[in-house]
Amino acid sequence: MCEFCEFCQFLLLIEKKTARGVKRFCASKACGKPVTVINGPEDETSA
Ligand SMILES: [Zn+2]
């Protein structure tokens with residue numbers, strides 16, 4: 001699985017635990033934007 005920042009294409013993401021779960025952020029200090037992972041596990045409510 002190849003993940004990278006969609007803003008600056010930085011190839012390293014860091015994970016931070018939030019109230020809604022783990023989110024990924026760009027590891028670049030010059031960017032640091034939250035990276036949206038489309039294939040996330042938040043879609044468990046589909047019945
Ligand atoms: Zn970035």
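Which residues does Glu15 touch, not counting residues up to four places away in sequence? Glu15 touches Val22 and Arg24, where two residues are in contact if their C-beta atoms, placed from the backbone, lie within 7 Å. The paragraphs below place these residues in the chain.

The structure is a predicted model, in which local features need pLDDT of at least 70, side-chain atom pairs count only at pLDDT 80 or more, and totals for chains, interfaces and linings use all residues. Residues are numbered from 1 along each chain as its sequence is written.

The secondary structure of the protein chain consists of 0 helices and 3 strands. Both terms refer to DSSP runs, numbered from the N terminus: helices are H or I runs of at least four residues, and strands are E runs of at least two. Along the sequence, the pattern reads β-β-β.

Strands of a sheet pair through backbone hydrogen bonds, either parallel or antiparallel. Two strands are said to pair if DSSP finds at least two bridges between them. Here, strand 1 (residues 13-18) and strand 2 (residues 21-26) pair in the antiparallel sense over 6 bridges, and Lys17 stands opposite Val22 in strand 2. These two strands form a hairpin, with 2 residues between them. Strand 2 is also joined to strand 3 by 2 bridges, and this pair runs antiparallel; Phe25 has Pro34 in strand 3 as its bridge partner.

Together, the 3 strands make an open sheet with the order 1-2-3 and antiparallel pairing. Strand 1 and strand 3 (34-35) stand at the edges and have a single partner strand each, so one side of each is left without a neighbour in the sheet.

How much of the chain is buried? A residue is buried if 20 or more other C-beta atoms lie within 10 Å of its own, exposed if 12 or fewer, and partly exposed in between, with C-beta atoms placed from the backbone. Of the 47 residues of the protein chain, 4% count as buried. Strand 1 is hardly covered, for the count of buried residues among its 6 residues is 0. Glu15 lies in this strand and counts as exposed because it has 11 C-beta neighbours inside 10 Å. The C-alpha atoms of Glu15 and Cys26 are separated by 8.9 Å, and the two residues are 11 apart along the chain.

Most residues other than glycine have a negative phi. Gln9, however, has a positive phi, near 60°. Gln9 is exposed, because 10 other C-beta atoms lie within 10 Å.
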